[in-house]
Amino acid sequence: MTRAGWIRIAIVLGAVAALEVTTRAGWIDPHTIIPPTAMAAALAGLIASGAILPDIAKTLSNVAAAFVLSVGGGFLLGLLIHAAPRLRRALDPLLATYYAVPFFVFYPLLIVVFGMSDLPIIVIGFLFGVVAMIIATLNGLDRVPRVALKVARLARMDPVSTALVIKFPAAVPHLFTGIKLAVAYSFIGVIASEFILSGAGLGYAIAYAYNNFDNPRMYALMLFILVSVTAVNMVLHGFEQRMLRRRGLSR
Amino acid sequence: MTLAAVAGPGLRAGEAHAALRGVTRVFPPADRRQAPVHALGPVDLDLARGEFFAVVGPSGCGKSTLLEILAGLAAPTEGEVVFEGAPVRGSPPDGVGVVFQEDASFPWLTVWDNVAFGLRRAGTDAAETARRVDHALGFMGLAGFARAYPAQLSGGMRQRVCIARTLVLEPRLILLDEPFGALDQQTRLLMGDELLRLWRDTGATILLITHALDEAAMLSDRIGVMSARPGRFIDMVATGWPRERDSTIVADAAFGEVTARLWSSLRAESLKALGGER
């Protein structure tokens with residue numbers, strides 16, 4: 001492992017150890033935060049008992065659906081908008097200010113439209129992620145070398161295969177920005193929606209444990225979310241680094 | 001080592017392999033207050049089958065525009081392009097290969113996959129693709145780099161990847177837009193020898209755009225000298241070199257005469273282009 005890697009591990013372990021010491025010593029009220037080892041033990045117990053597996057499955061499948069829809073939909077919409085410069089000029093300020101809108105205010109509307117199901121939750125996750133992906137796609141497509149498109153024309157490729165075989169791989173370094181944001185936004189959108197209005201899922205389970213003063217369970221679930229988000233991001237980061245190294249773009 | 005001989009559709013005797021007839025290109029202005037830019041022409045050009053033709057001209061004279069029109073990548077504003085007896089109308093005809101000035105290798109593909117790109121798009125079967133790609137990589141001195149990515153190669157090697165990618169398709173007309181522009185002088189001479197070998201072995205017709213007068217003089221059967229914008233041919237210089245030739249021709253007394261004539265035709269135009277850019 002690199003020196004930076006060791007330093008990174010030391011920082012994380014140091015923070016966890018500090019929390020462990022301060023909670024064990026009673027400097028922090030156990031009603032506020034429990035020691036990390038107690039969180040891990042509670043999580044192991046929850047997983048072993050199978051009590052939270054349905055919640056995990058529900059949340060992760062909703063996140064996955066929101067993620068796939070935002071990345072796939074964002075790339076397609078990005079392609080379409082990029083192909084229509086006038087539409088793009090019209091949309092640009094809307095895309096730029098999109099994230100000023102608090103989507104959660106639309107939750108009641110989405111329930112009216114889609115009913116009490118997973119659908120409104122997935123839609124919120126999608127709405128959160130899709131525009132980041134559109135913007136990343138537009139950035140990427142702007143930087144596809146013109147000469148690559150000429151090579152495509154010489155090979156007499158139709159617009160669809162040009163998009164998939166030339167534009168997509170050429171734009172990948174920029175798409176990664178959108179993909180990473182889409183992961184984060186999908187998690188945020190789905191879990192936050194489960195908090196406000198849902199009868200299942202990790203967000204709901206955390207809110208439920210909180211209302212019942214069940215600290216070990218609440219912290220165990222929070223730990224699980226933290227670990228899974230970190231794991232997903234590290235995998236993506238690994239892919240990205242490998243891609244950048246191949247293209248001679250890594251630092 | 002020989003690449004497969006070129007077998008194009010038969011041409012009638014005396015018919016040009018590729019031709020430009022009264023071709024012009026006018027770019028519309030960016031906004032209403034500006035005048036349209038007359039970039040090229042009118043240009044007439046007949047390329048004989050198997051001819052090595054070079055175009056020299058001052059910067060900005062429309063050389064690359066001429067190449068794109070001949071390749072079918074751009075449509076002429078006026079005039080007509082003919083390749084193997086059929087008109088070319090804004091889409092690339094079969095049998096034309098282009099090597100661009102800038103690095104056109106795909107950074108997401110290995111060298112091998114880059115070179116195989118056109119064959120795969122054309123639906124060539126895997127065994128034939130492998131045979132031709134391996135052959136082209138050997139020919140261009142890239143055999144040891146088949147699995148490398150372009151980012152791991154030097155600029156000159158990346159350009160060779162692009163040349164190999166064009167060659168595997170066995171084009172009957174090869175258009176090269178300053179392909180050696182990024183290379184040092186020694187490498188240029190050696191790449192020139194490679195190009196001559198390739199030209200002899202395949203019998204392809206070659207149009208080479210270059211700003212290096214010695215390169216044009218060393219490689220070509222005939223050299224077209226273009227004026228400053230709008231580019232027109234102001235001189236045609238036939239070198240009279242034998243088909244069997246290589247870079248040692250630079251020591252020939254006639255070589256000096258050719259470059260001297262090119263420069264005397266080009267000098268005034270280059271000054272105009274220089275003045276025009278200020």
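**A helix pair up close**

Modeller: The axes of H8(A) and helix H9 (residues 202-211) of chain A come within 6 Å of each other, crossing at roughly 45°. Those axes are lines fitted to C-alpha atoms, over the stretch in contact for helices, with angles running from 0 to 180 degrees between N-to-C directions. H8(A) and H9(A) are therefore oblique to each other (under 35 degrees is roughly parallel, over 145 roughly antiparallel, 65 to 115 roughly perpendicular, and the rest oblique). As for handedness, H8(A) passes H9(A) in a right-handed crossing, meaning that the near helix is turned clockwise from the far one by less than a right angle, with anticlockwise being left-handed.

Bear in mind that this is a predicted model, where local features need pLDDT of at least 70, side-chain atom pairs count only at pLDDT 80 or more, and totals for chains, interfaces and linings use all residues. Residues are numbered from 1 along each chain as its sequence is written, while chains are lettered from A and ligands numbered from 1 in the order in which they are written.

Who touches whom? From H8(A) come A:Ile191, A:Ala192, A:Ser193, A:Glu194 and A:Phe195, and they meet A:Leu202, A:Gly203, A:Tyr204 and A:Ala207 of H9(A); a contact here is two C-beta atoms, placed from the backbone, within 7 Å. By class, that contact has six nonpolar residues, two polar and one charged (Ala, Val, Leu, Ile, Met, Phe, Trp, Tyr, Cys and Pro are nonpolar, Asp, Glu, Lys and Arg charged, the others, Gly among them, polar).

Zooming out, chain A has ten helices and zero strands, helices being DSSP runs (H or I) of at least four residues and strands (E) of at least two, numbered from the N terminus. Its C-alpha trace spans about 70 × 55 × 30 Å along the principal axes. Among contacts in chain A between residues at least 6 apart in sequence, 74% join residues at least 24 apart.
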